[in-house]
Amino acid sequence: MRVISTLLLLLLLITIGSSSLPTNPKQRVHVPCKRLVFYFHDIIYNGHNSKNATSTIVGAPSWGNKTILANQNHFGDLVVFDDPITLDNNLHSPPIGRAQGFYIYDKKDIFTSWLSFSFVFNSTHHKGTLNFAGADPLMNKTRDISVIGGTGEFFMARGVATISTDAFEGEVYFRLCVDINLYECW
């Protein structure tokens with residue numbers, strides 16, 4: 001009788017222990033709880049467009065200046081922006097908010113930057129903010145940066161934003177498509 005009880009207990013422990021193990025740990029599927037696509041339009045101040053500019057150089061290396069982006073892949077330039085966000089790629093569409101933050105050109109040998117910004121929504125479509133940060137290797141067709149939080153409708157949001165350059169005109173204007181997948185929504 002004692003042997004049967006011990007075997008039953010052992011069988012029960014093995015069954016309980018194996019049921020808590022994942023069947024295939026590599027099959028972890030991430031499904032976003034919210035997906036959004038926006039465009040933001042950056043018009044950099046070039047000394048002649050102060051009325052339309054939405055960004056400006058606030059820091060430059062000793063060989064550069066604060067009106068024209070520096071040579072050597074703009075290395076050392078710090079740009080602050082307050083860009084309109086739209087639902088489509090038309091600069092003249094009604095803005096649903098502003099992209100506010102900065103980017104730093106951080107390498108001499110490769111055209112790349114580091115971004116930190118917020119989408120500040122002020123429309124009937126969305127209320128609140130979404131915050132982003134990360135490296136932006138500009139020569140890649142798409143780049144992923146982290147969604148690191150938010151407020152209002154996006155309280156404590158986490159996820160990934162895939163950025164692609166949708167259009168650019170020299171060093172004065174560029175438009176980014178931001179495809180946002182949120183994986184933590186409250």
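Predicted model: local features only at pLDDT ≥ 70, side-chain atom pairs only at ≥ 80, totals over all residues.
Two strands count as paired if DSSP finds at least two bridges between them.

Strand 5 (113-122) and strand 6 (residues 127-136) run antiparallel and are joined by 10 bridges. Within this pairing, phenylalanine 119 stands opposite leucine 130 of strand 6. The two strands form a hairpin, with four residues between strand 5 and strand 6.

Strand 6 also pairs with strand 7, again in the antiparallel sense, over six bridges. Here asparagine 131 has glycine 149 of strand 7 as its bridge partner. Strand 6 and strand 7 form a hairpin too, with five residues between them.

Is strand 6 largely enclosed or open? A residue is called buried when its relative accessible area is under 20%. Seven of the 10 residues of strand 6 are buried, so the strand is largely enclosed by the rest of the structure.

**Aromatic rings**

The model has 15 aromatic pairs. Two of them are set out below.

| Ring pair | Distance between centres | Angle between planes | Class |
|---|---|---|---|
| Phenylalanine 81 and phenylalanine 117 | 5.9 Å | 55 degrees | tilted |
| Phenylalanine 121 and phenylalanine 154 | 5.3 Å | 40 degrees | tilted |

Why are these pairs called tilted? Planes under 30 degrees apart count as stacked and those over 60 as edge-to-face, and the rest are tilted. The planes of phenylalanine 81 and phenylalanine 117 are at 55 degrees, so that pair is tilted. The planes of phenylalanine 121 and phenylalanine 154 are at 40 degrees, so that pair is tilted as well.

Phenylalanine 81 belongs to strand 3 (residues 78-86) and phenylalanine 117 to strand 5, so their pair ties together parts that are 36 residues apart in sequence. Phenylalanine 81 has 4% relative accessibility and counts as buried. Phenylalanine 117 is likewise buried, with a relative accessible area of 3%.

Phenylalanine 121 is in strand 5, while phenylalanine 154 is in the loop between strand 7 (142-152) and strand 8, so this pair ties together parts that are 33 residues apart in sequence. Both phenylalanine 121 and phenylalanine 154 are buried.

Ring pairs also link residues into a cluster, whose members include Phe81, Phe117, Phe119, Phe121 and Phe154. Tyr105 and Phe174 are among the members of this cluster, and both are also among the residues that lie nearest the centre of the largest pocket.

**The largest pocket**

The volume of the largest pocket is about 370 Å³. Its lining is made up of 21 residues, and those nearest the centre are Tyr105, Phe111, Leu138, Phe168 and Phe174. Two or more lining residues come from each of strand 4 (97-105), strand 5, strand 8 (158-169) and strand 9 (173-184). Which strand gives the most to the lining? Strand 9 does, with three residues. By kind, the lining divides into 14 nonpolar, four polar and three charged residues.

Most residues other than glycine have a negative phi. Methionine 156 is not a glycine, yet its phi is positive, at about 60 degrees. Methionine 156 is placed in the loop between strand 7 and strand 8, the loop that also holds phenylalanine 154. Is methionine 156 buried or partly exposed? With a relative accessible area of 37%, methionine 156 is partly exposed, whereas phenylalanine 154 is buried.

Technical notes:
Residues numbered from 1 in each chain as written. Heavy atoms only, no water. 1 Å grid on protein atoms, 1.4 Å probe; cavity = no way out; pocket = protein on both sides within 12 Å on 5 of 7 lines; lining within 4 Å. Points joined across faces, edges and corners; volume = space filled by probe spheres on them. Nonpolar A, V, L, I, M, F, W, Y, C, P; charged D, E, K, R; others polar. Phe/Tyr/Trp six-rings, centres within 6.5 Å; stacked < 30°, edge-to-face > 60°. Buried < 20%, exposed > 50% of the residue type's maximum accessible area, 1.4 Å probe, protein only.
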